[in-house]
Amino acid sequence: TSPTSVQNVRYIGQTGKEGMVAYLIDCYDRTVYEERYIKNKESQKGRAVSISKEQCIRYLTIVLCGHLDDEEATSSPLVTHLLNQYTTSVPPGLISDLVLHCYYEDINEKTPSCVKNVFEPVISGLRDAVQASSPLSEVSHAPISALADLCEVKLPSGTLRPICSLIVSQDKWIARGSGRRSQAESLLGPFLSLSGFVEDNAQVKDQYLSNAVSSAEEARVLGTSIVLTLNLARQEMFRAIHAILRCTETRGAALNLLEHLLACNSKRAQMLADRRHSSTDGFLLNLLFVFQQLNGKVKLSSVEPTYLFHPDTRLTIDHETRLNCSQKQLEEWRKEQVAVGKFQSPKFPTECFFMTGHCHHIALAPALRRFQQGVREVRHLRQLLEDSELTQRPLPEKAKDRFETLMRWQANWESILLDSELLQRSIQYYCSSAEWMVSLACSNKSPYLPLPDKPSMEFSIIPEFFIEDMIEFLLFCAQRCPYILEDPGLINVANFSILMLS
């Protein structure tokens with residue numbers, strides 16, 4: 001059946017640039033439909049269809065560049081089709097053909113502007129769309145998915161990805177300032193900000209505090225739905241950032257952004273951190289997901305243990321206490337290493353491993369502590385309510401309202417923090433960290449006792465939070481979700497514990 005009768009719906013009632021774009025997309029769709037039934041691509045009909053596809057892309061480029069109108073649009077009519085691809089799908093191959101055509105147009109012209117003119121408004125429109133989205137919607141990941149699709153388009157030969165190059169060249173690629181400002185103003189900030197916490201999203205807050213959620217079961221169902229949407233959006237965000245990292249020309253800019261996001265939120269690990277100046281919990285847990293996915297294929301044998309104190313390290317943690325090394329000893333050792341030239345140029349697996357550990361330190365550990373603090377307050381208020389019933393001394397209405405609000409808050413946070421995927425990925429990282437620390441304590445050998453009288457410097461300079469965060473996480477899991485501790489990788493944690501206690 002010809003798709004014409006269905007696809008014409010796209011541009012009925014549309015005028016101007018929107019109508020032209022919709023019409024050209026339908027024309028391209030028809031050529032794709034005809035192409036499927038042509039066995040010989042070199043036949044007269046095959047060449048005609050191929051030329052028709054090229055013409056559709058050419059005219060679509062002309063329209064999107066604004067050569068047929070004088071309007072200076074901040075968004076692009078192409079955004080609507082990208083966001084609605086689950087109902088009126090964008091024809092397969094259209095986006096990649098459009099990106100590559102614009103790139104080759106730039107190469108052939110003296111002033112490269114085609115990719116910029118066509119796709120800057122698209123990226124801006126996707127950014128606006130994701131800012132207005134909520135995890136309560138099943139298609140809230142659509143803008144992130146569209147961005148990932150654009151980022152994955154690469155040249156037939158080489159690693160260059162035109163949209164990745166365009167994105168990192170934007171002025172707002174990195175927004176200097178506090179964590180909260182970087183989240184709001186950086187180009188990818190809104191894409192990483194989709195959050196299911198009541199503090200981060202007004203629609204989620206209204207849903208949890210409304211009468212629509214009147215029981216624990218309804219709160220559980222709502223939380224499960226939000227977590228499923230968040231995990232899908234996180235996977236799409238990983239696709240986008242992974243594509244930027246895989247492009248040789250943009251990898252450095254991507255690492256600079258990740259470095260900045262960690263640095264501007266480093267104070268979150270402090271006990272009395274000012275949350276107003278740091279990124280939200282939802283943002284940082286989304287960033288943690290990306291790091292965990294990137295770290296998934298890192299081999300521990302390729303991790304350089306001295307990276308944290310390398311002259312070119314992307315992490316500044318000199319203020320952190322170390323396992324068995326004073327600041328003076330560290331400075332002397334570092335000077336010796338520089339003098340003999342033992343510091344090697346950092347490789348991506350090493351940077352990824354340590355940046356993932358640092359992200360656990362500033363994202364997951366503070367979130368767990370905040371949740372446990374809230375749970376303690378809930379228990380305290382519940383005890384007061386029970387005591388008031390026994391003594392027949394009524395509590396103020398404010399206390400009862402506070403208890404009801406905190407119960408809903410606890411249900412919201414439990415659904416996100418007790419997500420099995422988040423916990424499994426986190427415990428896998430901590431297990432690999434334990435294995436890595438065992439190898440350093442035993443001089444890259446299998447676990448053995450007794451340990452050397454003097455630990456290696458590589459082991460001594462490990463920050464204490466590597467162990468503290470791991471212990472806090474395992475204790476949290478033992479209390480809230482003990483099934484997670486069935487992971488076979490915990491043998492590495494057991495080995496590490498036995499070695500340290502011995």
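What is the volume of the largest pocket?

## The largest pocket

The largest pocket has a volume of about 490 Å³. The model is predicted, and residues are numbered from 1 along each chain as its sequence is written. Local features need pLDDT of at least 70, side-chain atom pairs count only at pLDDT 80 or more, totals for chains, interfaces and linings use all residues, and side-chain values use heavy atoms, with hydrogens and water left out.

Pockets and cavities are found on a 1 Å grid over the protein atoms alone: a cavity is a set of points where a 1.4 Å probe fits but cannot get out, a pocket is an open set with protein on both sides within 12 Å along at least five of seven lines, and lining residues have an atom within 4 Å of a point. Grid points are joined across faces, edges and corners, and a volume is the space filled by probe spheres set on the points.

The lining of this pocket has 22 residues, and A216, A219, R220, A411 and E414 lie nearest its centre. The largest share, eight residues, comes from α12. Helices here are DSSP runs (H or I, at least four residues), numbered from the N terminus. By class, the lining has nine nonpolar, seven polar and six charged residues. In this count Ala, Val, Leu, Ile, Met, Phe, Trp, Tyr, Cys and Pro are nonpolar, Asp, Glu, Lys and Arg are charged, and the others, Gly among them, are polar.

## Cavities

The whole structure holds three cavities of 30 Å³ or more. The volume of the largest cavity is about 40 Å³. Its lining consists of I144, F191, L192, L194, L230, A233, R234, M237 and N286. Helix α12 gives the most to this lining, with four residues, and α10 and α12 each supply at least two. Seven of the lining residues are nonpolar, one is polar and one is charged.

The second largest cavity also has a volume of about 40 Å³. Around this cavity are G357, H360, Y429, Y430, S433, F465, F466 and D469. At least two lining residues come from each of α16, α18 (420-441) and α20 (465-480). The classes here are four nonpolar, three polar and one charged.

## The nonpolar core

The largest nonpolar core has 149 residues, and F119 and F466 have the most contacts inside it. Helix α16 (residues 348-391) provides the largest share of this core, 15 residues. A nonpolar core is a set of buried Ala, Val, Leu, Ile, Met, Phe, Trp, Tyr and Cys residues joined through side-chain atoms within 4.5 Å. Buried means under 20% relative accessible area, exposed over 50%, and partly exposed in between (1.4 Å probe, protein chains only).

F119 is in contact (heavy atoms within 4.5 Å) with L98, V99, C102, L150, I163 and L166, leaving aside neighbours within four places in sequence.

## Helix α7

How many of the 10 residues of helix α7 (residues 142-151) are buried? Nine of them are, and the helix is mostly covered. The buried residues are A142, P143, I144, S145, A146, L147, A148, L150 and C151. They pack against α4 (78-83), α5 (94-108), α6 (114-131), α8 (162-168), α10 (189-192) and α12.

## Two loop residues

N265 is found in the loop between α13 (251-263) and α14 (281-295). This residue is buried, with a relative accessible area of 0%. Not counting residues up to four places away in sequence, N265 touches G179, S278, S279, L284 and I362.

P77 lies in the loop between α3 (44-64) and α4, and is buried at a relative accessible area of 11%. Leaving aside neighbours within four places in sequence, P77 is in contact with K17, E18, V21 and L64. The C-alpha atoms of P77 and M20 are separated by 9.4 Å, and the two residues are 57 residues apart along the chain.

## Cysteines

A search of the whole structure finds zero disulfides, a disulfide being a pair of cysteine sulfur atoms within 2.5 Å. For C65, the nearest cysteine sulfur is that of C114, 4.2 Å away. C65 counts as buried, at 18% relative accessibility.

C477 counts as buried, at 0% relative accessibility.
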